[in-house]
Amino acid sequence: MPDWLKKFDVSSGAFRIYIGFILLMLYFPFLIMAVLSFQGPRGGHTFPLNGVSSWWWWKLFHPGQLTEFSDVGEFLGNYLGALGRSLLLAIVVAIISTILALMAAHAFRKPFRGSSAVFYLWLLGIIVPGITVSLGLFLVLNRLGIVPNWTTSGLGVHVMWTLPFCLIIFLMGFNRFDLDLEDAALVFGANPLQAYWHVTLPVMQPFVLSSLLFGFTLSLDEFQRSLLLTGTTLDTQTLPVMIMASVTTRITPTLYALGTLTTLLSFAVIALYIYFLVRAERKTGATEILAVETE
Amino acid sequence: MAQLTELRQVGTAPEQVEQRRSTLSGQIVRALRGKPRLITGLLLLPGTLWMLLFVGTALVSIVVFSFWTSGFTGLRPEYTLANYETLLKPGSSFWSIAFWTLQVVVMLLIGVIVLAYPVSYALWRVIKSPYWKSALLLLFIVPFWTSYLTRTITWLPMFGREGVVNQVLMAAHLTEEPVEFLLYSKFAMMVALWFLFIVFMIGPIYFSMQRIDEDVMSAAAVYGAGPWKTFFQVVVPLTLPGLMAGSLFVVVLGLAEFFTERAIGGAQSPMLAGLIQRQIDVFQFAGAAAVAVSLIVITLVAVSILLRFFDIRRI
């Protein structure tokens with residue numbers, strides 16, 4: 001390494017301090033939210049702390065008793081019910097979009113006529129601003145006399161939003177994929193589907209996991225597209241749509257308790273993803289060694 | 001490997017094995033053999049139909065409805081240009097809101113790049129240990145997978161007269177009185193947006209830096225380029241794909257943004273998506289559709305400019 005290139009590897013503390021500052025700005029707000037969720041019963045959604053209590057957490061977990069214990073103007077939606085619906089929807093959306101995107105990514109491996117037209121159609125799912133999709137489909141359903149629901153129109157726009165992300169993940173995967181592996185399986189007498197099941201899919205496993213994670217997390221957080229499409233009552237709304245509705249009323253620390261809960265949930269899901277990813281990569285490593293030996 | 005492929009072309013072993021099989025998978029394989037276009041079509045069909053049904057319908061309907069008339073009971077199919085005339089006439093609030101939207105997105109993009117680039121650079125060249133590299137990278141990516149809504153809400157207690165930022169400033173004796181522009185304002189919204197969107201930029205820039213060959217850096221040195229020259233003429237151009245991929249995220253999601261403005265910005269200065277939401281709230285669906293069409297057009301123009309700089313299919 002030439003001398004000046006070493007200069008390029010700045011060892012100065014300035015960069016480290018800067019990284020620390022950005023990390024602080026990313027994680028400190030979470031901490032503040034968690035602290036404020038233990039606000040006293042008379043406290044508001046900002047500092048100062050007016051005593052310390054688990055009152056707002058209690059409210060979060062007892063939605064049935066909200067009408068008894070709430071002040072005027074407080075939001076009365078059942079957050080936990082909405083969280084349940086959102087989790088279920090996110091799991092279904094992750095599975096559907098991973099399967100459909102993996103299928104399409106296979107088609108994109110070989111060039112075909114109209115491939116970029118199809119690709120850009122898929123990309124529109126990301127590009128078109130969410131609220132315009134919500135408005136357009138809401139008005140169509142309105143004309144047709146169909147009542148929007150989280151299990152129908154909600155599911156539809158969620159998968160539409162996650163599909164392009166999952167497709168891009170799998171395209172990345174196949175860009176790095178060694179075609180010889182599949183060929184080897186075919187030579188040794190596997191039919192294409194067997195080769196796919198026993199060779200291609202295991203090698204693609206990290207990308208399947210990433211696709212599931214993106215499908216799950218993007219769906220769990222989606223509110224722009226589903227704003228008008230999960231139904232009009234609080235019993236059919238997904239969590240983000242309900243949160244969106246609640247910030248237009250008086251904000252209470254219950255929202256912070258909920259945010260803390262869902263953030264911990266997200267961390268748990270990410271930890272699970274990393275665990276499986278590390279396991280999958282160990283296995284994939286083994287497959288690669290095997291392939292080298294075959295050669 | 002070459003001999004193996006040859007063996008396959010002779011085509012004895014696999015064929016024979018397969019003919020002996022009457023399994024379901026074998027039958028499917030036989031039915032599709034030699035029909036690559038059919039296979040491609042079948043693989044693409046379900047997802048593409050899904051996208052057509054939802055994006056396609058939404059796009060077509062929003063354009064059609066923008067020419068209809070808002071009535072008391074919903075939209076009436078009476079075609080009119082009135083929605084666009086009200087929207088586009090000189091002096092209408094649409095122009096100032098559209099201009100404000102573009103301002104926010106440009107400020108957002110510049111701010112995010114300025115904030116994110118040193119982070120990626122530090123991860124690339126300052127942090128040496130591979131363990132710390134991946135641990136830090138993970139820490140910068142994790143917020144991307146948490147809820148955007150929740151992350152916006154976490155900024156609520158930061159601003160305001162009693163807000164955390166003001167408290168910190170006063171505790172450090174940097175100011176005696178609470179700073180006014182840190183109340184729920186345009187500035188507060190920008191700060192929140194910068195740190196909400198920075199996670200879209202750090203990863204892409206870092207991954208494109210990682211692909212820069214050390215030899216390229218050395219070559220620049222051999223030919224006498226100093227550190228700054230190398231940075232601006234070698235590193236920055238080579239990270240352009242990553243910059244553009246991150247920018248695509250920031251611009252597309254920034255143009256569609258309406259929650260942060262409502263929650264943090266004090267709901268005083270809507271962007272285009274916020275204008276749509278406000279019109280929906282008062283049942284002006286035809287007017288909202290006209291704004292939606294203009295927002296879609298702006299987004300498509302911005303995206304087509306960004307996609308000129310890199311091929312999203314080759315990431």
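The model is a predicted one, in which local features need pLDDT of at least 70 and side-chain atom pairs count only at pLDDT 80 or more, while totals for chains, interfaces and linings use all residues. Residues are numbered from 1 along each chain as its sequence is written, and chains are lettered from A and ligands numbered from 1 in the order in which they are written.

Chain A has a radius of gyration of 24 Å, well over the 19 Å that the globule rule gives for 295 residues, so it is more spread out than a compact globule. Here the radius of gyration is taken over C-alpha atoms, and the globule rule is 2.2 Å times the number of residues to the power 0.38. Taken along the principal axes, the C-alpha atoms of chain A fill a box of roughly 75 × 65 × 30 Å. Buried residues account for 42% of the 295 residues of chain A; a residue is buried if 20 or more other C-beta atoms lie within 10 Å of its own, exposed if 12 or fewer, and partly exposed in between, with C-beta atoms placed from the backbone. Of the contacts in chain A with a separation of 6 or more, 74% are between residues 24 or more positions apart, where two residues are in contact if their C-beta atoms, placed from the backbone, lie within 7 Å.

Within chain A, helix α8 (residues 150-175) and helix α10 (residues 192-220) pack with their axes 9 Å apart, at an angle of about 155°. Axes are lines fitted to C-alpha atoms, for helices over the stretch in contact, and angles run from 0 to 180 degrees between N-to-C directions. That angle makes α8(A) roughly antiparallel to α10(A), given that angles under 35 degrees count as roughly parallel, over 145 as roughly antiparallel, 65 to 115 as roughly perpendicular and the rest as oblique. The crossing of α8(A) past α10(A) is right-handed; a crossing is left-handed if the near helix is turned anticlockwise from the far one by less than a right angle, and right-handed if clockwise. Residues of α8(A) in this contact include A:Trp161, A:Phe165 and A:Phe170, and those of α10(A) include A:Met204, A:Phe207 and A:Phe214. By class, the contact of α8(A) with α10(A) holds 9 nonpolar, 7 polar and no charged residues. In this classification Ala, Val, Leu, Ile, Met, Phe, Trp, Tyr, Cys and Pro count as nonpolar, Asp, Glu, Lys and Arg as charged, and the others, Gly among them, as polar.

The C-alpha trace of chain B spans about 85 × 65 × 40 Å along its principal axes. In chain B, 37% of the 315 residues are buried, and residues 24 or more positions apart supply 67% of the contacts with a separation of 6 or more.

Helix α11 (residues 199-210) of chain B packs with helix α7 (residues 130-145) of chain B at an angle of about 140°, their axes lying 8 Å apart. This makes α7(B) oblique to α11(B), and α7(B) passes α11(B) in a left-handed crossing. From α7(B), B:Leu137, B:Phe140, B:Ile141, B:Pro143 and B:Phe144 meet B:Val199, B:Ile202, B:Gly203 and B:Tyr206 in α11(B); this contact has 8 nonpolar, 1 polar and no charged residues.

The axes of α11(B) and helix α6 (residues 93-126) of chain B come within 8 Å and cross at roughly 45°, which makes α6(B) oblique to α11(B). The crossing of α6(B) and α11(B) is right-handed. Among the residues making this contact are B:Ile113 and B:Trp124 of α6(B) and B:Ile202 and B:Tyr206 of α11(B). The contact of α6(B) with α11(B) divides into 12 nonpolar, 2 polar and no charged residues.

Elsewhere in chain B, B:Arg76 lies in strand β2 (residues 74-76) and counts as partly exposed, with 13 C-beta neighbours inside 10 Å.

Between the chains, 88 residues of chain A are in contact with 90 residues of chain B. Helix α2 (residues 13-36) of chain A provides the largest share of the side of chain A that touches chain B, 13 residues. By class, that side of chain A has 62 nonpolar, 19 polar and 7 charged residues.

Terms used:
Helix = DSSP H or I, 4+ residues; strand = E, 2+ residues; numbered from the N terminus.
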